[in-house]
Amino acid sequence: KISYEEFGAMKAERADWTREHALQQLEENTTKLLAALETLSNEELGVDVTMPIRGGITAPLGVWIMQAH
């Protein structure tokens with residue numbers, strides 16, 4: 001849980017961020033994420049991962065990755 005102080009610090013840190021900055025960061029981080037995903041083997045993509053939603057839902061890592069798609 002985040003405190004009001006932590007939220008205030010995060011808000012201040014991002015006060016001068018522009019839409020262009022956010023889009024640039026999104027593009028850079030997406031590129032890094034895709035590169036990391038390409039290194040995963042089929043076995044790693046098949047490992048079950050349980051997410052703490054609706055009491056816990058288990059699916060292979062590859063399924064969770066495809067949720068963004």
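1. A salt bridge is counted when a side-chain nitrogen of Lys or Arg lies within 4 Å of a carboxyl oxygen of Asp or Glu. By this rule the count comes to one. Glu13 and Arg14 form it, with 3.5 Å between the closest N and O atoms. Side chains of opposite charge can pair when their charged atoms come close. Arg14 has a relative accessible area of 34% and is partly exposed; buried stands for under 20%, exposed for over 50% and partly exposed for what lies in between, with a 1.4 Å probe and protein chains only.

2. On the basis of the note: the model is predicted, so local features need pLDDT of at least 70 and side-chain atom pairs count only at pLDDT 80 or more, while totals for chains, interfaces and linings use all residues. Residues are numbered from 1 along each chain as its sequence is written, and side-chain values use heavy atoms, with hydrogens and water left out.

3. On the overall layout: the protein has four helices and two strands. Helices (H or I, at least four residues) and strands (E, at least two) are DSSP runs, numbered from the N terminus. In sequence order the pattern reads α-α-α-β-β-α. The radius of gyration is 17 Å, well over the 11 Å that the globule rule gives for 69 residues, so the protein is more spread out than a compact globule. That radius is taken over C-alpha atoms, and the globule rule is 2.2 Å times the number of residues to the power 0.38. The C-alpha trace spans about 45 × 30 × 15 Å along its principal axes.

4. Accessible areas come from the Shrake-Rupley method with a 1.4 Å probe; for residues, only the protein chains shown count as cover.

5. On the nonpolar patch: Ile2, Phe7 and Met10 make a nonpolar surface patch of about 280 Å². Patches are made of residues with over 30% relative accessible area and no salt bridge; like charges are joined within 9 Å, and nonpolar side chains (Val, Leu, Ile, Met, Phe, Trp, Tyr) within 5 Å. Phe7 belongs to helix α1, residues 4-13, and is partly exposed at 47% relative accessibility.

6. On the strand pair: β1 (residues 48-51) and β2 (residues 57-60) run antiparallel and are joined by four bridges. Strands pair if DSSP finds at least two bridges between them. Val49 stands opposite Ala59 in β2, and Met51 has Ile57 as its bridge partner there. In a regular strand the side chains alternate between the two faces of the sheet.

7. Arg54 sits in the loop between β1 and β2. Its phi is positive, about 50 degrees, although Arg54 is not a glycine. Most residues other than glycine have a negative phi. Arg54 is exposed, at 82% relative accessibility.

8. On Met51: this residue of strand β1 is partly exposed at 30% relative accessibility. Apart from neighbours within four places in sequence, Met51 is in contact (heavy atoms within 4.5 Å) with Gly56, Ile57 and Trp64. Met51 and Trp64 are 13 residues apart along the chain, and their C-alpha atoms are separated by 9.1 Å.

9. On Glu43: helix α3 (residues 42-45) contains Glu43, which is exposed with a relative accessible area of 61%. Glu43 and Pro60 lie 17 residues apart in sequence, with 9.8 Å from C-alpha to C-alpha.
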